[in-house]
Amino acid sequence: MRDSPRRRLDALLSGLGYGSRREVAQLCKRGRVRIEGFLATDASMRVDPRAVLLDDAPLDFPFGLVVALHKPLGVACTRAGAEGQTIFDLLPPLWRKRHPKVASAGRLDRDTSGLLVVTDDGKLIHRLTTPSAKVEKSYQATLDASPTEEMLERLRHGVLLDGERSATVPAGAIVVGPREVQITLREGKYHQVRRMFAAVGGHVEALCRIRIGALPLGDLPRGHWRAIAEAEIIPAIG
């Protein structure tokens, strides 16, 4: 999480989505904001975010937001312009008003479920998505038929995808069920897992991301999120 210096009250609450600076000043005038138990009458005062209560409740993630989200099938990761449900419909409406904006670190297409990291920390998003970081991401793929050892060996050595000039980085690939393979990547090409299996003669019927760096999806229910600490994912990226 980011450091937490004292900040102007109006800038703090505005950045967390509670309203414009003018609206925050009105919140103070109405007696809805308290600092260490006392009414905050001056919206320009500098405060410790931990000491602020709005309507007698602590502020929502005042030091930066980082959560794990289990994206269900059929849900888009885009912020605007998408038809149907997006991941932001699964998150508290207040988060849409935060600045910096809340975004996912990388995306999953509608036909892929699983783990997303959602945050307002641009530096963390960069660390998780930049190719040079080589953050591992693991997926569980359900195929239309049992995989052969030859298919797995080709994935482990790298395959040439349709339309690409160079082979994929060698991937980890282990069988975890009759038609299920856990595959671990250190790069992120468009629809890579499905294209890799297609290149070796397989077809992916279902796909779920189960790990990002050191962070597992675990038993997080579909459509739900939980707060996480950067330490849960940072060890995998140094």
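Me: Which side chain does R8 meet in a salt bridge?
Reply: In this predicted model, the side chain of R8 meets that of D10 in a salt bridge, with 2.7 Å from N to O.

Me: Are those two residues buried or exposed?
Reply: They fall into separate classes. R8 counts as partly exposed, at 31% relative accessibility. D10 has a relative accessibility of 6%, and because the limit for a buried residue is under 20%, D10 counts as buried.

Me: How many salt bridges does the structure hold?
Reply: There are 12 salt bridges in the structure. One of them joins E164 and K189, whose closest N and O atoms are 3.8 Å apart.

Me: Where do E164 and K189 lie?
Reply: E164 belongs to the loop between α4 (149-157) and β11 (172-177), while K189 belongs to the loop between β12 (180-185) and α5 (192-199). The pair therefore ties together parts that are 25 residues apart in sequence.

Me: And what is the relative accessible area of each?
Reply: For E164 the value is 26%, which makes E164 partly exposed. K189 is also partly exposed, at 25% relative accessibility.

Me: Which residue forms a salt bridge with R179?
Reply: The partner of R179 is E205, and their closest N and O atoms are 3.0 Å apart. This pair links distant parts of the chain, 26 residues apart: R179 sits in the loop between β11 and β12, and E205 sits in strand β13 (residues 204-212). R179 itself counts as partly exposed, with 35% relative accessibility.

Me: New topic: what about charge over the protein chain?
Reply: The protein chain carries 36 positive and 28 negative side chains. The centres of these two sets lie 6 Å apart.

Me: How many helices and strands are there?
Reply: The secondary structure of the protein chain comprises 5 helices and 15 strands.

Me: What is the order of strands in the open sheet of 4 strands?
Reply: The order is β3-β2-β5-β6, and the pairing is antiparallel.

Me: Which strands stand at the edges there?
Reply: The edge strands are β3 (38-39) and β6 (57-58). Each has a single partner strand, so one side of each is left without a neighbour in the sheet.

Me: How many bridges join β5 to β6?
Reply: Strand β5 (residues 52-54) and β6 run antiparallel and are joined by 2 bridges. Within this pair of strands, L53 stands opposite P58 in β6.

Me: Which strands does β10 pair with?
Reply: β10 pairs with β12 in the antiparallel sense over 6 bridges. β10 also pairs with β13, again in the antiparallel sense, over 7 bridges.

Me: What stands opposite K137 in those strands?
Reply: In β12, the residue opposite K137 is L185. In β13, the residue opposite K137 is I212.

Me: Now the backbone. Which residues does a cis peptide bond join?
Reply: A cis peptide bond joins H99 and P100, with omega at about 5 degrees. P100 is located in the loop between β7 (66-71) and β8 (103-104).

Me: What is the phi of F61?
Reply: F61 has a positive phi of about 50 degrees, although F61 is not a glycine. F61 is placed in the loop between β6 and β7, and its relative accessible area of 17% makes it buried.

Me: And what about K134?
Reply: K134 is not a glycine, yet K134 has a positive phi of about 50 degrees. Its place is the loop between α3 (122-129) and β10.

Me: Last topic, the overall picture: what box do the C-alpha atoms fill?
Reply: Taken along the principal axes, the C-alpha atoms of the protein chain fill a box of roughly 70 × 35 × 30 Å. The accessible surface comes to about 12,500 Å², and 51% of that belongs to carbon and sulfur atoms.

Me: What share of the residues is buried?
Reply: Buried residues account for 42% of the 238 residues in the protein chain. As for contacts between residues at least 6 apart in sequence, 62% join residues at least 24 apart.

Notes:
Residues are numbered from 1 along each chain as its sequence is written. This is a predicted model: local features need pLDDT of at least 70, side-chain atom pairs count only at pLDDT 80 or more; totals for chains, interfaces and linings use all residues. Side-chain values use heavy atoms; hydrogens and water are left out. Two strands pair if DSSP finds at least two bridges between them. A salt bridge is a side-chain nitrogen of Lys or Arg within 4 Å of a carboxyl oxygen of Asp or Glu. Buried means under 20% relative accessible area, exposed over 50%, partly exposed in between (1.4 Å probe, protein chains only). Contact means heavy atoms within 4.5 Å. Accessible areas come from the Shrake-Rupley method with a 1.4 Å probe; for residues, only the protein chains shown count as cover. Lys and Arg count as positive and Asp and Glu as negative; His and the chain ends are not counted. The place of a charge is taken as NZ of Lys, CZ of Arg, CG of Asp or CD of Glu.
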